[in-house]
Amino acid sequence: MPETAPNPGPVVQTGRVAFANHLPLALIAGPCQLEGRNHALEVAAALKEMAGKLGIGLVFKSSFDKANRTSGRSARGVGLDEALPVFAEIRESLGLPVLTDVHEAEQCERAAQAVDILQIPAFLCRQTDLLLAAAATGRAVNVKKGQFLAPWDMAHVAAKVTQAGNPNVIVTERGASFGYNTLVSDMRSLPIMARVTGGAPVVFDATHSVQQPGGQGATSGGQREFVAVLARAAVAVGVAGVFIETHPDPDRAPSDGPNMVALADLPALVETLMAFDRLVKA
């Protein structure tokens with residue numbers, strides 16, 4: 001009997017951007033925290049221009065609430081009410097799909113009105129009610145793997161979304177806890193997560209993987225210089241996409257500055273990652 005071609009795995013389509021482990025690399029990028037309309041539109045426009053020149057699918061990412069800040073005194077963001085019209089404007093004026101985090105089940109339906117992908121933060125990846133509420137919107141759901149989980153544990157996490165009737169689930173690696181204030185990225189987790197989730201698109205979060213949680217006392221630190229190192233390694237393994245937070249001036253950003261990539265440095269990095277991706281998927 002003739003051999004049957006292997007199933008390449010599911011495709012999660014959002015706008016013009018497709019996420020699948022066998023398709024060309026896609027990019028999720030934007031500032032960690034939504035700082036206001038003008039800032040968001042400025043960064044989104046620059047990212048769109050870069051993506052157009054390089055020919056990569058782009059999803060704009062920013063958070064309306066950083067609910068997991070190290071200190072209660074840290075800035076959390078503009079909030080959902082102020083963020084929704086900004087997200088909607090980015091979608092409409094720039095034509096970019098938008099991703100944002102949700103932290104409570106009640107936020108999912110409202111956020112889904114203005115964004116294309118609902119992201120479940122790593123600390124909340126096992127919160128069943130949150131996963132089910134996100135799935136119920138019909139939007140794609142990107143679940144960050146908890147720093148406390150093994151990659152094979154994501155099978156149950158993804159199943160909560162798909163068994164709720166939403167097949168559009170993406171899983172993201174962002175490192176695992178390794179001693180105090182330190183994360184480590186196990187590149188074996190990328191193919192393992194793809195296998196145990198039935199081929200769900202796997203994304204590598206290159207900037208949170210170099211974060212040092214609570215590493216600066218009241219705030220998290222990070223090792224920005226290793227973002228490119230880990231991103232190249234992940235793309236060489238084979239992934240559907242990379243997640244890279246970026247900012248015009250990371251050292252003055254209100255959150256995650258130490259691990260964000262400067263906006264001016266991003267095009268060269270993405271171009272390199274695309275070359276790696278073409279080689280791997282050839």
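Predicted model: local features only at pLDDT ≥ 70, side-chain atom pairs only at ≥ 80, totals over all residues.

Reply: Helices (H or I, at least four residues) and strands (E, at least two) are DSSP runs, numbered from the N terminus. Residues are numbered from 1 along each chain as its sequence is written, and side-chain values use heavy atoms, with hydrogens and water left out.

Me: What is the phi of N181?

Reply: The phi of N181 is positive, about 55°, although N181 is not a glycine.

Me: Is N181 buried, partly exposed or exposed?

Reply: Start with the cut-offs: buried means under 20% relative accessible area, exposed over 50%, partly exposed in between (1.4 Å probe, protein chains only). N181 has 38% relative accessibility, so N181 counts as partly exposed.

Me: Now R16. Where is R16 found, and why does R16 count as exposed or buried?

Reply: R16 is found in the loop between β1 (12-14) and β2 (17-19). R16 counts as exposed because its relative accessibility is 85%. R16 and L96 are 80 residues apart in sequence, yet their C-alpha atoms are 8.5 Å apart in space. Both R16 and L96 are among the residues that line the second largest pocket.

Me: How should I read a pocket, and what is the volume of the second largest pocket?

Reply: Rolling a probe the size of a water molecule over the atoms shows where empty space is left. Here a pocket is an open set of points on a 1 Å grid over the protein atoms alone, where a 1.4 Å probe fits, with protein on both sides within 12 Å along at least five of seven lines; lining residues have an atom within 4 Å of a point. A volume is the space filled by probe spheres set on the points, which are joined across faces, edges and corners. The second largest pocket comes to about 230 Å³.

Me: Which element gives the most to the lining of the second largest pocket?

Reply: α1 does, with 3 residues. Both α1 (37-54) and β4 (57-61) supply at least two lining residues each. The lining includes K48, A51, G52, G57, L58 and P97. Sort the lining by class: Ala, Val, Leu, Ile, Met, Phe, Trp, Tyr, Cys and Pro are nonpolar; Asp, Glu, Lys and Arg are charged; the others, Gly among them, are polar. The tally for the second largest pocket is 7 nonpolar, 3 polar and 2 charged residues.

Me: On to helix packing. At what angle do α1 and α2 cross?

Reply: Two packed helices are described by the angle between their axes and the distance between the axes. Axes are lines fitted to C-alpha atoms, for helices over the stretch in contact, and angles run from 0 to 180 degrees between N-to-C directions. The axes of α1 and α2 (residues 80-94) cross at roughly 35° and come within 10 Å. Handedness comes next: a crossing is right-handed if the near helix is turned clockwise from the far one by less than a right angle, left-handed if anticlockwise. The α1 and α2 crossing is right-handed.

Me: Which residues of α1 and α2 meet?

Reply: Contact means heavy atoms within 4.5 Å. From α1 come R37, A40, L41, A44, A45 and K48; they meet V86, E89, I90, S93 and L94 in α2. This contact divides into 7 nonpolar, 1 polar and 3 charged residues.

Me: And how far apart are the axes of α1 and α8?

Reply: The axes of α1 and α8 (residues 266-281) are 11 Å apart, at an angle of about 35°. Their crossing is right-handed. L47, M50 and L54 of α1 make the contact with L266, P267, V270, E271 and M274 of α8. By class, that gives 7 nonpolar, no polar and 1 charged residues.

Me: Is L269 buried or exposed?

Reply: L269, in helix α8, is buried, with a relative accessible area of 11%. Leaving out residues up to four places away in sequence, L269 touches V227, A228 and I244.

Me: Last, the strands. Where does V202 lie, and which residues does V202 touch?

Reply: V202 lies in strand β11 (residues 202-205). V202 counts as buried because its relative accessibility is 2%. Beyond four places in sequence, V202 touches N21, V171, L190, M193, A194, V239, A240 and G241. Follow V171: it lies in strand β8 (residues 169-173). At 0% relative accessibility, V171 counts as buried.
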